[in-house]
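Keep the structure in view as you read.

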Amino acid sequence: MYGLSRRELEFAVLISSSHFVQHVFYRVLPPLVPVLAVALEYPLWQLGLLITLYSIGMGIVQAPLGVLADRIDRRYLLPTGLVIAGGAYVLFAFAPTLGGSLPVVTVFGTSFEGGFLVMALAMVIVGVGLAVVHPAGYPMITDNVDGRNKGKVLGLFGASSKLGDAATPAAIAGLILLLSWERIILVFGVGGILYGVALFLALRSDEFETVPSGQRTDTGTAATTTTELAREEPRTFFYPMAVIYFFFVSSSVTSHAITAFLPAFLVAVYAHSFEAVGVYVGTESVASVYFALVLLAGAATQLYLGGVTDEYDSRLVLIGCMLLATVGMVALAVFDLHPAALVAVLFVLGGGLYGVNPARDALISDLTPPEFEGRVFGYIFTAGTLTGAAFPTLIGYLLEHLGMRSGYLVVSFGTVLAAVFVALLYSDRVFAPASEPEPDPDLRSGPEGSD
């Protein structure tokens, strides 16, 4: 990537690989739900509960892990979390055998057999293991990358997540033709363990900084001064961070509508299918390809906007992305699009909705003292995750009662509201940079802080 030193590029690839693996592990179970429903005869709501459990596990521990990430060497923390997640998937693969001797547990009249209980435990552990990536990864980027290049690395870090989201269903689609579900999950679990070991060996090199900034030197006085300043002037941290939280929540209304229901929307509204070389490709498969396009558009846009974030105000980038996403959502809801036009609209939608990560994360990092960066990312992702946990259920209810097009038009207001929240950061009543009142005209405009 242009402008990065060899060391920064190596670090960017290394840290982004952890984000890729995290999102691969996110997506292992959903593509296997139809197979598990037939093989194990579990109702769909129980299989959905397994996915909910890893979100709960992640939400509970992400904030404490953020505090831990500011206190201990992250080369131990980050690989260990991924090894734990991989080990939990190994446990999941053997759940039917391990749970065979366990008693059936009945809760509110519903019986859960032993195999399901082991799977439930495994998914909670998966969530706990994966929770370490954000609070450890973001501050490591700050510590290992020149501030002028942070956006580029954040762009690669964010893009890797969407590549992981898109790659996992595709890989499982191929593996399911060759292996049983237990062996597929076992492959991912063992792969995660081996990756975690390799990551530890790579981070063990003295070339990369993994010790938290607050632990490298005696920064106690500086940290106290920074905290006192933030408390005396809430516009330097608390007010803008509250705005970012509301940005998270409002934009996630729209993003949940896409991640949970875009394939269903495309099947119900467009029902595109085709036949080529004697092979019929049904509407569900075509919708999955369209969905993958949205994720890949987000990955490509993050790579580009990472560099843009280094040159321009993060707030402006965020507002632009939200407006693009709004255009895409409204076009989907209002117009009857030709297949080629649909591809273009979905690319705009994915680029706007998922291209925000470099600018968003750079803004959070710039607002946060380096010695607190791990916990702040832990707090903000925990708050956003737990607040948005109910959105898929609410959006599903909305789509069912209003219809797909009208429902998507309503949820498009999430990105509009998100843009409004970011615009509040231009008000000096909400945001006042912690730097000197008269900023250096040679520096780019926008929030300043840890750089």
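Buried means under 20% relative accessible area, exposed means over 50%, and partly exposed is in between (1.4 Å probe, protein chains only). This is a predicted model: local features need pLDDT of at least 70, side-chain atom pairs count only at pLDDT 80 or more, and totals for chains, interfaces and linings use all residues. Residues are numbered from 1 along each chain as its sequence is written, and side-chain values use heavy atoms, with hydrogens and water left out.

Q: Is Tyr54 buried or exposed?
A: The cut-off for buried is under 20% relative accessible area. Tyr54 has 7% relative accessibility, so Tyr54 counts as buried.

Q: How is the pair of Tyr26 and Tyr54 classed?
A: Rings of Phe, Tyr and Trp (its six-membered ring) pair if their centres lie within 6.5 Å; planes under 30 degrees apart count as stacked, over 60 as edge-to-face and the rest as tilted. The ring centres of Tyr26 and Tyr54 are 6.1 Å apart, with the planes at 20°, so this pair is stacked.

Q: Which helices hold Tyr26 and Tyr54?
A: Helices (H or I, at least four residues) are DSSP runs, numbered from the N terminus. The two residues are 28 residues apart and link distant parts of the chain. Tyr26 is in helix H1, and Tyr54 is in helix H3 (residues 44-69).

Q: What is the angle between the planes of Phe11 and Phe208?
A: Phe11 is buried, at 0% relative accessible area, and Phe208 is buried too, at 10%. Their rings are 5.8 Å apart, centre to centre. The pair is tilted, and the angle is 50°.

Q: Which residues have the most contacts inside the largest nonpolar core?
A: A nonpolar core is a set of buried Ala, Val, Leu, Ile, Met, Phe, Trp, Tyr and Cys residues joined through side-chain atoms within 4.5 Å. The largest has 91 residues. Those with the most contacts inside it are Phe25, Leu50 and Phe92.

Q: Which ring does the charged end of Arg405 sit over?
A: A charge sits over a ring if NZ of Lys or CZ of Arg is within 6 Å of the ring centre and within 35 degrees of the ring normal. The charged end of Arg405 is 5.8 Å from the centre of its ring, that of Tyr270.

Q: What is the phi of Glu41 near?
A: Most residues other than glycine have a negative phi. Glu41 lies in the loop between helix H2 (33-40) and H3. Its phi is positive, near 60°.
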